[in-house]
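Here are some exercises to work through with the model open beside you. Try each task before reading its solution.

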Amino acid sequence: MSGPPPIASPQQLLAMATNGLTLHQTLYVAAVLGVADQLEGGPAETSALARRLEVDESALYRVLRYLASQGVFAETEPRTFANNDVSRFLRTGVPGSLRPILIFRGSGYFFEPYGRILHSVRTGLPARSAVYGMDGFEYLRQHPDDARIFDDAMTAITAMMAPAVAHGYDFGAWESVTDVGGGNGLLLGEILRAHPRLRGVLADQPDVLARARERGFLGGDLAARSGYADCDFFREVPAGTRAYLMKSVIHDWDDARAREILRQCRRAVPADGALLLVETRLPEDSAPALGKVVDIAMLLLTGGRERTAEEYRALLADGGFRLSRVVAAAPEIAIIEAVPV
Ligand SMILES: C[S@@+](CC[C@H](N)C(=O)[O-])C[C@H]1O[C@@H](n2cnc3c(N)ncnc32)[C@H](O)[C@@H]1O
């Protein structure tokens, strides 16, 4: 019998929403194992795939059968799987690959706090600190393997919006910019390419900068107009450029810590300069928004939060800045421009 699919009842919709966990974790397995890379040469039988990946054949089959039922991979013959348009984004190194993000999101560093969400809601404190007994960035300083996974995920997330951010604002007007907490340097590289006369400095913790140099986003033709600066933004933000950029940094921190960072930025930004925050746009109403998803991650992981434009205005004022405008660089992303007062 054919006909329109049955409409799910509110009760069924609610029950189905909990299946997101299954999809999340099976995607994680496919990403960690590199299944999509293995299938690049063409379809493969589960038995051959399991041998190559050194995993249990039956378990792998059940995972791939589930993913194929969700539109990720295609089961071209019984127990034979191939890449499709969706699973291709699980490959390593392809433009727009989500593989580093999924590897990060299934890792204990990201995922375990989600099992402790009640702790965060009861106390208002990040569950991750309860899991690891220390602040998340301190944990990363002590665990370079997790730190690399984190940096790569941030790079992949940032890569999705970097062109829109780089072209959505006249960074070139400031002549020089420091990307504070700039991670691997992908965004700064994209901005420098989009604004050929701009000079840029990547400022972050020394271990992060060591990995950034390896990644080389500021190498080649950008090397002559870019540099690196060690920075602990609670102690000092290096002076020397007119504009200061921070993407996804202030949202990592509660208001008190965010103010400390902004005050350090204020000491570095010259009178004719600017501070540019790149953060998610958080609508005031109950519309679905990326910012509301990221906000829960901040609650559980860092103790930070997403903020509305008005909340940023108030925070910036405490840090010695006046919010001058908000540019909608991408559908869910804002560039918040502030000038010193
Ligand atoms: C959420 S990541 C954002 C990275 C990058 N801006 C992006 O959006 O891809 C936060 C960054 O803040 C950096 N960070 C954390 N604590 C820091 C500190 N005390 N001083 C300088 N950078 C710090 C981290 O190393 C990391 O690169």
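**Exercise 1. The nonpolar patch**

Which helix gives the largest share of the nonpolar patch?

Before the solution, a note on the ground rules. This is a predicted model, in which local features need pLDDT of at least 70 and side-chain atom pairs count only at pLDDT 80 or more, while totals for chains, interfaces and linings use all residues. Residues are numbered from 1 along each chain as its sequence is written, and side-chain values use heavy atoms, with hydrogens and water left out.

Step 1. Find the members: Ile-117, Leu-118, Val-121 and Ile-296 make up a nonpolar patch on the surface, with about 340 Å² of accessible area together. Such a patch joins nonpolar side chains (Val, Leu, Ile, Met, Phe, Trp, Tyr) within 5 Å, from residues with over 30% relative accessible area and no salt bridge. Areas follow the Shrake-Rupley method with a 1.4 Å probe, and for residues only the protein chains shown count as cover.

Step 2. Assign them: helix α8 (residues 117-123) supplies the largest share, three residues. Helices here are DSSP runs (H or I, at least four residues), and strands are runs of E, at least two residues, both numbered from the N terminus.

Step 3. Check one member: Val-121 sits in helix α8 and counts as exposed because its relative accessible area is 57%. The classes are buried under 20%, exposed over 50% and partly exposed in between (1.4 Å probe, protein chains only).

**Exercise 2. The ligand's surroundings**

Step 1. Look at the shell: helix α11 (residues 144-167) gives the most to it, with three residues.

**Exercise 3. Around Asn-83**

Is Asn-83 buried or exposed, and which side chains does the side chain of Asn-83 contact?

Step 1. Locate Asn-83 in the loop between β3 (80-82) and α6 (99-106). Asn-83 counts as buried because its relative accessibility is 9%.

Step 2. Trace the polar contacts (N or O atoms within 3.5 Å; within protein, one must be able to donate a hydrogen and the other to accept it, and residues adjacent in sequence count only if both atoms are side-chain atoms). The Asn-83 side chain meets that of Glu-40 at 2.8 Å and that of Ser-87 at 2.9 Å.

Step 3. Follow Ser-87, which is buried with a relative accessible area of 0%. The side chain of Ser-87 also reaches the backbone nitrogen of Asn-84 at 2.8 Å.

**Exercise 4. A salt bridge between strands**

Step 1. Identify the bridge: the closest N and O atoms of Glu-337 and Arg-325 are 3.4 Å apart. A salt bridge needs a side-chain nitrogen of Lys or Arg within 4 Å of a carboxyl oxygen of Asp or Glu.

Step 2. Classify them: Glu-337 is buried at 9%, whereas Arg-325 is partly exposed at 40%.

How values were computed: Patch = residues over 30% accessible without salt bridge, like charges linked within 9 Å, V, L, I, M, F, W, Y side chains within 5 Å.
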